[in-house]
Amino acid sequence: MCRVFFLLFLALFSAAHALSSTGNRLLVVTEDSAADKEKYSTFWSDLETRGYRLAFEAPKNDKLALFEHGERAFDHILLLPTRSKGLGPSLTPNLLLEFINNNGNILLALSAESPVPSAISSLLHELDIHLPPDRTSLVVDHFNYDTLSAGEKHDVLVLPKPSALRSDVKNHFGGGGLLAFPRVVAQELGSSSQLLTPILRAPETAYSYNPKEEAENVAEPFAVGSQISLVSSMQARNSARFTVLGSVEALEDAWFDRAIQGPEGKAVKTSNRAFAKSLTAWTFMETGVLKVGKVEHHLSTISDSKSGNDSVAQLGYLNPKIYRIKNDVTFNIEMSEYSFDHLSPFTVFPDDKLQLEFTMLSPFHRLDLQPISTTLNSTIFSATFRLPDQHGIFSFRVNYKRPFLTNVDVKREVTVRHFAHDEWPRSWMISAGWVWIAGIWVTILGWVAFVALWLWSEPAYQQSQGKKRQ
């Protein structure tokens with residue numbers, strides 16, 4: 001009995017210390033698990049230290065199943081390159097897409113030394129990510145390469161860590177140091193999907209090259225310069241994440257903290273280990289995860305004698321189902337950002353806006369939500385406005401979708417009614433009605449005067465003197 005309780009406590013302890021917000025069950029798909037365990041031992045150790053439970057399986061294992069009883073058997077999948085042209089029946093493109101649709105996350109690692117299986121090519125084509133058609137091409141750069149390991153072939157790229165995608169987007173992968181990417185498979189992202197985002201692009205001097213071609217000049221390369229994405233990401237509408245790493249060799253122990261040197265630089269150690277941590281942390285939902293706490297709305301009164309948040313006071317109870325047109329209303333939303341093992345207050349960048357929409361078929365109001373208070377692990381954003389002069393079914397909606405952050409789409413429906421018969425302003429309070437009020441009273445007084453005049457102006461009648469005699 002004590003042994004059972006100890007094992008139960010151990011399972012709860014490991015689950016509580018898992019850094020991922022969606023789970024710690026990680027499936028590693030590899031053909032040679034013994035060799036890969038030794039080759040990537042530091043990488044596996046870092047994942048286990050962060051609370052992941054690794055399960056190594058061969059791609060063509062008949063007993064492998066991504067789902068059990070209609071639920072995901074794993075929370076995340078790491079696909080390593082395979083030498084075979086196809087994967088097993090449990091790793092078809094349809095099943096992998098279904099895994100993503102069920103909030104599963106996938107990290108796909110490629111290598112120019114291993115041809116990409118047809119199932120993976122079909123999956124990437126479905127996501128609008130394109131690979132070189134010959135499947136053996138790699139990226140070379142004659143100006144940004146490691147002179148110590150690739151002095152002739154120039155196929156080991158030396159790159160700085162990625163910079164921020166935009167000024168309003170948080171950089172989860174940046175920092176100091178250089179990265180070494182050996183034998184990278186080029187990726188080209190389609191422009192039709194808004195869900196794709198490049199994490200690391202190639203320099204302007206890089207191009208995709210097939211080493212089997214004997215020609216000195218490449219006539220029509222697959223992609224050149226910034227068209228090449230070395231690390232790509234896709235965040236689905238349900239916030240599930242799919243990441244493509246073009247160089248699996250970058251995760252090897254040999255390239256963790258290895259000395260590299262550019263053509264015009266000094267020898268420094270790589271930052272591959274730190275980049276691998278940030279890349280897996282984002283893919284497996286350890287960073288960039290937004291959490292929504294309390295969502296409240298209520299009637300408000302606005303005082304002109306005070307300023308800021310002190311000028312707004314709550315009226316009535318929270319979250320009523322019905323409002324009246326032209327009411328003053330306050331909307332509050334509490335948001336946090338999950339980072340590794342804790343929740344922290346969410347901060348909006350200065351160039352970005354968190355907005356509230358008050359919408360029916362289309363937005364009647366689109367307002368910026370301002371932070372009004374901060375707790376230990378959350379920020380409360382608020383907006384106060386006057387409801388439009390339109391009745392119907394409306395929604396408070398916060399639709400916040402940014403690269404590398406989970407999607408936030410919060411809706412609260414309310415009814416907006418007309419004025420009740422006893423809520424209209426009295427007629428004597430409306431200056432435009434004074435003419436009509438005066439006309440009514442003039443008519444009444446004129447009628448009374450006419451009746452009085454009629455009654456008191458009756459003609460006098462004389463009494464008859466009898467019959468007139470002949």
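Start by selecting helix H3 (residues 41–49) and helix H6 (residues 272–283): their axes come within 11 Å and cross at roughly 45°. This is a predicted model, in which local features need pLDDT of at least 70 and side-chain atom pairs count only at pLDDT 80 or more, while totals for chains, interfaces and linings use all residues. Residues are numbered from 1 along each chain as its sequence is written, and side-chain values use heavy atoms, leaving out hydrogens and water.

Helices (H or I, at least four residues) and strands (E, at least two) are DSSP runs numbered from the N terminus. Axes are lines fitted to C-alpha atoms, for helices over the stretch in contact, with angles from 0 to 180 degrees between N-to-C directions.

H3 and H6 are therefore oblique to each other (under 35 degrees is roughly parallel, over 145 roughly antiparallel, 65 to 115 roughly perpendicular, and the rest oblique). Now show side chains: Thr42, Phe43, Asp46 and Leu47 of H3 meet Arg273, Ala276 and Thr280 of H6, with contact meaning heavy atoms within 4.5 Å. By class, this contact of H3 with H6 has three nonpolar, two polar and two charged residues (Ala, Val, Leu, Ile, Met, Phe, Trp, Tyr, Cys and Pro are nonpolar; Asp, Glu, Lys and Arg are charged; the others, Gly among them, are polar).

Next, select helix H4 (residues 93–101), and color Leu96, Leu97, Phe99 and Ile100, its buried residues (buried is under 20% relative accessible area, exposed over 50%, partly exposed in between, with a 1.4 Å probe and protein chains only). They cover an arc of only 155° around the axis, which puts them on the same side of H4; the arc is taken from the directions from the helix axis to the C-beta atoms. Turn to the other side of H4 for the exposed Asn94 and Asn101. Just after H4, asparagine 103 takes a positive phi of about 70°.

By class, the contact of H4 with H5 has five nonpolar, one polar and one charged residues.

Last stop: asparagine 327, in the loop between strand S20 (322–324) and strand S21 (328–339). Is asparagine 327 buried or exposed? At 13% relative accessibility, asparagine 327 counts as buried. Select Leu299, Phe385, Arg386 and Leu387 to see what asparagine 327 touches, not counting residues up to four places away in sequence.
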